[in-house]
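This report goes through a structure chain by chain and contact by contact. Please look at the sequence and the model before reading on.

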Amino acid sequence: MTALAAPLAERGPTDWTSTEMTQRIARRYRAERNFRRLGLLALLVAASFLAFLLFTIVRDGWTGFQRSEARLEVVFDPAVLGVDPAAVGRAGGDRLLATADYPALLLATAAQLGPAADTLSDAAWLDLRETLQADPTLLGQRATIWVPVRSSIDLLAKGKFDLSAPSDSRGVSDEEVADWRWLERENRLRTGFNGAFISGADSTEPELAGIGGAALGSLFTLAITIAIAFPLGVLSAVWLEEFAPRGWLADVIELSINNLAAVPSIIFGLLGLAFFLNIAGLPRSSPLVGGITLALMIMPVIVIAARVAIKSVPPSIRDAALGIGASPLQVVFHHVLPLALPGIMTGTIIGIARALGETAPLLLIGMRAFVTDVPQGVTQSATVLPMQVFLWSDDVQRGFVEKTSAAILILLVILIAMNSLAIYLRNRFERRW
Amino acid sequence: MRLLIALLLVLGLAGLAFLAGRARGERMAVAAAGGNSRLGTIHSRPVHHGAYVALLALAPALIVLAGWSLIGDRFVEGQLIGTLAPAEQPASRNDRQALMNEVRGLVSGDLPTAFNPLAARLAPAYAAASANADLLAGALAVALLCAGGLWGYSRLRPDFRARNRVERLVRAVLLLTSVVAILTTFGIVLSLIFESIRFFRLVSPVEFLTGLQWSPQTALRADQVGASGAFGAVPLFWGTIFIGAIIAMAVAIPLGLLSAIYLTQYADPRLRRWLKPMLELLAGVPTVVYGFFAALTVAPLVRSLAVALGMTDASSDSALAAGLVMGIMIVPFVSSMADDALTAVPSSMRDGSLAMGATMSETVKKVMVPAALPGIVGGVLLAVSRAIGETMIVVMAAGLAANLTANPFSSVTTVTTQIVALLTGDQEFDSAKTLSAFALGLVLFIMTLILNIYALAVVKRYREAYE
Amino acid sequence: MNPNPAQNPAIGHNQQPKMTARGVNVFYGQKQAIKNVSIDVSSDHVTAFIGPSGCGKSTFLRCLNRMNDTVDSARVEGDIALDGQDIYAPQMDVVQLRARVGMVFQKPNPFPKSIYENVAYGPRLHGLARSKAEMDAIVESALRRAGLWDEVKDRLSESGTAMSGGQQQRLCIARAIAVDPEVILMDEPCSALDPIATARIEELIDELRGRYAIVIVTHNMQQAARVSQKTAFFHLGSLVEYDDTSTIFTNPRETRTKDYITGRYG
């Protein structure tokens, strides 16, 4: 044996203190440090990208929650409004106030803004109507009202233009700059919280556009999605984990679920278009179809999470319940499901968050419709938050950039809250058996 | 609305059936026990008897109502159109739909007046017919409910195995919920194949799969440029692979893999506890946000870079901008797959290498990564499948021009971009342009399906190897 | 009953101990796993660590080549020296140390590479071969010493994980030998093997004796009696008794040792 091992024996013991060896080890340690730095660098690149993304969106978006308004001294002149003051107090007076000629009043009043008379938003007369409807005694009286200005003036007031640039490349005309300067000088301009942005629906004018309609559309859509996907997902997970006999059926179902989980979302949009719209004839652009489509999309996510959660409940608990005479169904519904619930909830929240952020399939079933009303029900045309982001980002008007970013901010806050809740639930209730 | 009332009525009656069944069960229990409460004389508990009766009552009624809500309106519609003289009948599906929409609008009061006099004429007839039909369906449902409930009630005996029957039914319901996944898959496959076949009747599959020209716009006038419409999808496939599988992966694989290595091997556990959820949050950002960022921020940067490099025809919707952002989007996915794969390598292997005097980086490069390679490759394939199916980033940041180019600064288009472009806006049903979207969808579905099945098999085999 | 090993180390009989440990304490977080252990390991002997499971023998073994460094919560106190050099000193290079103090683990852990690559891994890391021929020679001699050469010489390119458990463990020994270490630590090397493979490994250990200082942890007392010349008995993290194997097994000083040897507990 030793004779055969001669080559190694001849080599003699390794001299670890030789220069060659010391240098080699130093080199290896350098490589080690560099590799470690490389890993950290990769993480930092990903993190700084996220930081950069958030930074640009916050920078562009926070002003989206504000809007500029001009001060008007309004005299609610019944003659201009075309309203008989005597008739207002009687029955049907409300209707009279609602249909009065406010645009004419606005036109007459805007003259006091002098050169800047045309800076008011097209829909500024709505604020006049709102004021009068809220307090009919103002009829014939004088009142100070703040009304929204056009988007270009709004952006000037927020400092979004580089005024030192030559006038043909800065995106705003000299006349508009002059109007804005006049309003500022006359102290007729203020910038405040934009309530219409939170409560209103889409509009062609950036200063009037809001995300309330889209938010409600998202709410309707998600309600449908949850109502379908949660019971279906949990119950099919129960069947697969607890009752499915080993065989082709369970295999096919499992294969379907695993693949559905990885099918591109846009394919679900094609399914929605071909099946729910064209064959089943459900209403286009509606939260109903959107909700069903998204439910099919996130059901696999819920099934997979629920199966993992159910699987992690130890068999001893099932045995204990079976041992005192519970039926298999009672075991599942009394013991296994309650114990698996935190895991199921985590998966469900992640699935819902995905549905909330999803746009592509909804594009194909027509939820990109321009909807200027807050939706009233699940069968009416509606849009959803991410779709609103997409639509506004497509708009050439500069005023929509801050609206887009502001809408993204709201979407991100909701999503981060949901994901954090999921992560918290997972960590809080993660149980080792 | 009328159906909703019927549904509430049916549910209410089923509730009564439950109470009746339970009450009878309780009476039987009291009678059988005869004062002493012992188990065994009655097979099922009163609540099971109640549930049994209620389910027998509810199931047929619900089936009738569900069926009617799906087909009822079409049935009425068919009857109504049938009453029209042949000359008045709408010519196409679209016309018919428009007419019926108007009729429904008139009936519900959403439309104050009719544009089409035919609709005005049909409205009262429609209202009457649909009210009659709904009433009929409701009556049928209630009748079935009563019959089912009474039959169930009559079967209750002390030794009747109500619990077993109820449970068998619940298990059947569980099975049905699982079958929804299969139905969804079938629905996808069928709708894609059905529409694709219609497309391939108009355009040969060979041209579609091998043609180098893509211009789906069918012109209004015959003498317009590209009037014929060309459906060679190769430039789309190339664009998809170029953005999703080449540029995005060139970003995502190194970043994701190195992050995973750092997180699993080097990072302090406390740091890891913070960084991992951060990466997961990055994965939760909606793609439309990435798309907005790509289009508004990254694309202009890439374009100025191209101009600085001396490219005069730099595109503002370059493949590079879309690919870069998509790569960043995929990083958390690649990282978490690589993380799983690396953690699955037995620690004895790591210890074995460290005990030989290897540094950590040598251990990672020469032992851990090779050992985890199948898992990592599987994860990367899943990431590729996700990238080529990703829609919003490319819709917002990539172009519509179907170029066959390898220059990352020029514009290419992808399968998903084209699907969206073809199916949004004005749709002409049955035109080759609209149908081609489904053919593209079919190709995308098959591509991702193959990638997923293969990748999942690789990952599964890999996990089993170390278990 | 309780000889304080710190003041009265149980020193081996040979003149130059290869490794010396003095007053070693190991903590995992708040828990103390090793209590004040002092021991010498000589080059001429096979030293066996025995004791009931959880007694700390493996933990102590892992201190000898600083494998405990890879456990974040582990903390080692006391002095451990290799040829008089403190291995926990800042100037001691852990990479070099582990090349000099090789280790064989409880479960065979060949890398998922070819047999050749498994053995060549260490020499390649440390740059021990200047040419392909030299590497071939190192691999061959390591495999020969591990008694594996004749079984695998025709399939050196096959995966190391495709072999039987006993062969895998001998491959791991060959892998450790290939860097020509001074000490080989074996952590229950036969616990995952069948009796025939175990016998083969024990023969191998006997053949390697004298060339390397060998420390073997085992819970199998017969094995300790068969392969070792020195035996240390650990209990609850303390070194109870350290002496010639024959003494430990025939005439132990401590009652605890005697109880363990005779099977009262453990």
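How many residues does the contact take from chain B and from chain A? It takes 66 residues from chain B and 67 residues from chain A, where two residues are in contact if their C-beta atoms, placed from the backbone, lie within 7 Å.

## Basis of the report

This is a predicted model, in which local features need pLDDT of at least 70 and side-chain atom pairs count only at pLDDT 80 or more, while totals for chains, interfaces and linings use all residues. Residues are numbered from 1 along each chain as its sequence is written, and chains are lettered from A and ligands numbered from 1 in the order in which they are written.

## Chain B where it touches chain A

On the side of chain B that touches chain A, helix H5 (residues 162-202) of chain B gives the most, with 18 residues. Helices (H or I, at least four residues) and strands (E, at least two) are DSSP runs, numbered from the N terminus.

The residues on this side of chain B divide into 41 nonpolar, 20 polar and five charged. Ala, Val, Leu, Ile, Met, Phe, Trp, Tyr, Cys and Pro count as nonpolar, Asp, Glu, Lys and Arg as charged, and the others, Gly among them, as polar.

## Chain B as a whole

Chain B has 15 helices and two strands. Its radius of gyration is 32 Å, well over the 23 Å that the globule rule gives for 467 residues, so chain B is more spread out than a compact globule. The radius is taken over C-alpha atoms, and the rule is 2.2 Å times the number of residues to the power 0.38.

The domain assignment, which is automatic or from a database, gives domain 1 (2-160) and domain 2 (215-465) in chain B. The C-alpha centres of these two domains of chain B lie 49 Å apart.

## Chain C against chain B

A further contact takes 22 residues from chain C and 16 residues from chain B. Helix H2 (94-100), strand E6 (101-104) and helix H3 (115-126) of chain C each supply at least two residues of the chain C side. That side has 10 nonpolar, seven polar and five charged residues.

## Two loop residues in chain A

A:Asn187 is not a glycine, yet has a positive phi of about 60°. A:Asn187 is found in the loop between helix H9 (174-185) and strand E3 (189-193) of chain A.

A:Ser285, also not a glycine, has a positive phi of about 65°. The loop that holds A:Ser285 runs between helix H13 (265-279) and helix H14 (287-311) of chain A.
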